[in-house]
Amino acid sequence: MTTHSEHRTPQSTPTPTPTLAPGPGPGPGPAVTRSWTVSPEPFTTDDATRLRRAYYAEVAGRYWKREVTEAEIDQGLLDFPDEGLEPPTGQFVVGRLDGAALACGGVRLLDTVTAELTRVYVDGRARGTGGGAALLRVLEAESRALGAERVRLDTRSDLVEARALYARHGYAEIPAYNSGPYAEHWFEKRLV
């Protein structure tokens, strides 16, 4: 897992977690169409901050096999800053499903031709709706705009859904390119 965050704790009131409308179901009646929009957004907005905190809570909680406290989230975000996730060295994006902010991700340049994905997260209630694929498409486009010819990432063995997502979208496992404390698998995708 690659982790980055901001150096200060958000001072605004937390944004309520959106309620999701039901998706298409069996039987008669109109089908509900669900659509994702993903666009660049500063990682300090209320929605981006809420999503980054949810990302950290999930990956740390899965690692520690318990719920993570707010203080642990605060410390984790301090320990792994989000530096480089804004132009000209990177970009942060927020994904919205039918207008509700439920996904995020970032990309930053490691060198002039290599970008790295980080903070890729889809709220558990929205998984299976195409949010991961939508995030990857936009993050890859943002990587190209930064001049990258390839995208890399690292992740952990227990994040099996993430590893499956990357493999489905053309990312291949490669030898370690970093020595991050939580990195157990490394992936790369050529953009050219």
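Reply:

Buried here means under 20% relative accessible area, exposed means over 50%, and partly exposed lies in between (1.4 Å probe, protein chains only). In a regular strand, side chains alternate between the two faces of the sheet.

A word on the background: this is a predicted model, in which local features need pLDDT of at least 70 and side-chain atom pairs count only at pLDDT 80 or more, while totals for chains, interfaces and linings use all residues. Residues are numbered from 1 along each chain as its sequence is written, and side-chain values use heavy atoms, with hydrogens and water left out.

Now back to the strand. Helices (H or I, at least four residues) and strands (E, at least two) are DSSP runs, numbered from the N terminus.

What does β5 pair with? Two strands pair if DSSP finds at least two bridges between them. With β4, the pairing is parallel and has 3 bridges; Val151 in β5 is the bridge partner of Ala115. To get from β4 to β5, the chain passes through helix α3 (residues 131-145), and this β-α-β crossover is right-handed. Right-handed means that, with the strands pointing away from the viewer, the path from the first strand over the helix to the second runs clockwise.

Strand β7 (residues 185-190) runs antiparallel to β5, and 6 bridges join the two. Here Leu153 has Phe187 in β7 as its bridge partner.

The phi of Arg119 is near 60°, a positive value in a residue other than glycine. Most residues other than glycine have a negative phi. Arg119 also counts as buried, because its relative accessibility is 1%.

Lys65, however, lies in the loop between α1 (46-64) and α2, and it is exposed, with a relative accessible area of 73%.
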